[in-house]
Amino acid sequence: MPENFEELELFAPGHRGCAGCGASQIVRWILKIAGPNTICVSATGCLEVFSTPYPETAWRVPWVHAAFENAAAVASGVEAAMKKMGKDVNIIAFAGDGGTFDIGFQALSGMVERGHNVLFVNYDNEAYMNTGIQRCSSTPYGAWTTTSPPGKLTIGKEQRKKPIAAIIAAHGAPYVATATIAFLEDLKRKVKKALSIKGPKFLHILQPCTTGWRFDPSLTVTISKLAVETGVFVLWEVEDGDFDNKFRITYKPKKRKPVIEYLKLQGRFRHIINKPEIIEAIQREVDEKCAKYGF
Amino acid sequence: MAKIVLKGNGAVALAIKMARVDVVAAYPITPSTFIPEKISEYVANGEMDAEFIPVESEHSAMSACIGASAAGLRAATATSSQGLELMHEMLFIASGMRLPIVMGVANRALSAPINIWCDHQDTISARDTGWIQFYAENNQEAFDLMLIAFRVAEDERVLLPAMVGLDAFILTHTFEPVDVPEQREVDDFLPPYRPKHAYLDPERPITQGSFVYPEYYMEFKYGQWIAMESARDVIDEVFADFASRFGRKYEKVSTFMCDDAEIVLITMGSLSGTVRHVVRELRNEGIKVGVAKITVFRPFPHKEIIRAVKNAKVVGVLEKNVSFGFGGAVYGEVLATVHGEGLDTKVLDFIVGLGGRDVRVEDVKEVVKICSDALQGKAVDKINWINVDKEAVKNA
Amino acid sequence: MYEVRFHGRGGQGAVTAASILAIAAFKDGYDVQSFPHFGVERRGAPVMAFTRLDDKKIEIKTQVYSPDCVIVLDTNLLATVDVCKGIKKGGTIILNSVKDPADFADMAKRIGGGRIATVDATSIALRHGLGSKTAPIVNTAILGAYAKVVGNVSLESIVDTVRAEAPAKKEENAKAVEDAYNEVKEEVFG
């Protein structure tokens, strides 16, 4: 981590991200820790669009983007090139949930299996926000999106969220962790740790989206925090995919808050707020998951 | 220099090795599989100092080449058919980002129905991707054109990716003598790639592949247009330099007995040799026929085509692709070129050899027969499917 | 131009034999081509491979339709494959068989007259420890018979090429070629 990391701004302000967008904060903090000896790769998505409107750029490190589904494959090529040149550089790929869970999944799985020395960061805002809020396999049960609309016959998204971090960890990746910007020290520590390990690393960072989740821009951090305090999103890390011996919960809420406190602040859940049986089902599922994690 | 007997795939793999490519990312597909196999073997034995990335798909093969090329190194891959289609999206991105990646393509038919044999539908469907396209007639050409492709692609006036097509099985799996130069001769012809324009370097951060609004997009595309136009002269220069070093002369369009020909047959790829073989025979019978072989299809060699056909009355295009609802792609381009020049030459299209259907001596003779009929003023079809059981299709 | 067609089963090395013949002919100064029948190869299935040689540059890229010579690595194929198809009148058929050429005289008649040669390549292969009883490697030995009977490619070049190209048992393969050269029987039928 660079000594001057407090002042070091490698992701310039003045980009075109929405007010209250967590993605830019995620990138900003990760680059502060990674420092200037870093090359970034982005998938197509909000981050790429708002940070590189030609001829401007928010990136003060080398950055490359090719397409939506292949950040991991492009990063594989960049990493191979650095290896060929004998250069020791941090290589960090950023992708949204579409570019990670869905269309980008194959390339990501390939990159991890081949063992490229890349930190892959997923900023997960739980839908395809760049194209205007469509469902993703990251979208949680019950959420409204423009392609999972609640109707006479449906409640919104009918399926569960894909457990992406566990899936990547199951590849045997040397380091996988979950994080949010509401727990900044935890995030910083995880980035530092990830960059100290050789091989493929994966960070799954929950990123509340003010536009797609329908909340007031001032609530980004509050909602991030509530996701963790309710147990909806659990902060953990695992090494080598070894959930038996090298798995750690990095933050345990003292007393878990009911999920309704998290759901009620978000317009995307408005249609289920007054449906106790659905809220109860979500609560039950969170309870079962947390019991498994021991809290 | 030594002549050795190689199959087409072996010639391409050897050219990639002798070009000292830094990063190869590839995915196996019949019939180009031998190329990544051979390269992984070269790397495993320390015969080639490169990073070989055994990617999980052709899409990722091209993506990884884009990453490596954007980082400033020489990158190459090989594929065929469905594999080329899977990377189709990335072909546009490689050229749009002006990355001089070189790729060998085993020209194979597209599904459905699935078929692993030769035609040109795969690379023809990539003709608008902004890649320079070369087509090899034999294994020597496959080897030479790969080396030439790197020189042209990496030229600062060009900076575009290039693909070299070699016919599935007819070249990929056929052994032929290939004149292989010494490594130092290749090194002299093809110096290391040292990009000056843009590459990923923490000492000099730049943004590559940014989001471009309407006020700049057309300028990017016009830049690509100019680069492809510049490639015309660069290709001629590189062909000339290659000939002076290695004694083998290439032309965008090479002609055979065209000067006094009333009928000129236009070909691409391995078919050209068979057509010349037949033309020699027909010349003995007094038929005034010649052959113009297209080696460079992108940029399209307008001037060279005109030069080849200017004295002909009938031009017959033999091609292994079809654009449904129009005809063959080469026919369309030749037609536009010839009539755009104001010539009233008759241009006929002959769809041959799709999905590995052998193009036999008698098929070429049938083509010439139809061209002769046209020459004598008889009514003939513009688009002709050769050696097809049309009745079987009607009755199906 | 001289064209040769090999018949074998997947795994018997017909494709390798075709390429070795091409390389040997190239050493003798010919321009050459060799290629497999463009099919989906499966172990045990009938396969074909081809070699072309010529004093001049070979330009033609069609498949081989009227070979001058056919080589059959496995006579069990005769029941299911028409190995005589397209052979030029007066052409040559070389079979891996313990039988005499006269036993295959009808094949020569079918092509309007030609030369039949037989060689027990299986015994030769086993004698030199090439392959097993159920899967003898006969593709190198049979080329010795070709050198003797056809005579347009030298025994020396074939032996040299076999030695260079054989992945293992280089000397044994070379010996097998020489034995087949000496042991092949041939007869011309009108």
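How many residues of domain 1 of chain B are in contact with domain 2 of chain B, and how many of domain 2 take part? The count is 28 residues from domain 1 and 28 residues from domain 2. The model is predicted.

## Domains of chain B

Chain B splits into domain 1 (2-246) and domain 2 (253-395). Their C-alpha centres lie 28 Å apart. Between them, about 2,100 Å² is buried. Carbon and sulfur atoms give 54% of that area.

## Polar links between the domains

The interface of domain 1 and domain 2 of chain B holds 5 salt bridges. One salt bridge pairs the side chains of Glu137(B) and Arg276(B), at 2.7 Å from N to O. There are also 17 residue pairs in polar contact between the two domains of chain B, both residues at pLDDT 80 or more.

On the domain 1 side, the elements giving two or more residues are helix 6 (121-124), strand 6 (132-135), helix 7 (139-154) and helix 9 (214-246) of chain B. Helix 9 of chain B gives the most, with 6 residues. By class, this side of domain 1 has 16 nonpolar, 4 polar and 8 charged residues.

## Chain A against chain B

Of the 2 pairs of chains that touch, chains A and B have the most contacts. Chain A and chain C do not touch, and their nearest C-alpha atoms are 29 Å apart. The A–B contact takes 41 residues from chain A and 38 residues from chain B.

About 3,000 Å² is buried between chain A and chain B, and carbon and sulfur atoms give 65% of it. Tyr54(A), Lys84(A) and Arg114(A) supply 22% of the area that chain A buries against chain B, more than any other three residues.

## Links across the chains

Chain A and chain B share 4 salt bridges. Lys83(A) forms a salt bridge with Glu51(B), with the closest N and O atoms 3.6 Å apart.

The side of chain A that touches chain B draws two or more residues from each of strand 1 (38-42), helix 2 (46-51), strand 2 (63-65), helix 3 (71-85) and helix 5 (105-114) of chain A. Helix 3 of chain A gives the largest share, 11 residues. By class, this side of chain A has 22 nonpolar, 11 polar and 8 charged residues.

Strand pairing also crosses between the chains. Strand 2 of chain A runs parallel to strand 9 (residues 207-208) of chain B, joined by 2 bridges. Val64(A) has Gln208(B) as its bridge partner in strand 9 of chain B.

Note on methods:
Residues numbered from 1 in each chain as written. Chains lettered and ligands numbered in written order. Predicted model: local features only at pLDDT ≥ 70, side-chain atom pairs only at ≥ 80, totals over all residues. Heavy atoms only, no water. Contact = heavy atoms within 4.5 Å. Buried area = accessible area lost by both parts, 1.4 Å probe. Helix = DSSP H or I, 4+ residues; strand = E, 2+ residues; numbered from the N terminus. Nonpolar A, V, L, I, M, F, W, Y, C, P; charged D, E, K, R; others polar. Pairing = 2+ DSSP bridges. Domains from an automatic or database assignment. Polar contact = N/O pair within 3.5 Å; in protein donor to acceptor, adjacent residues only side chain to side chain.
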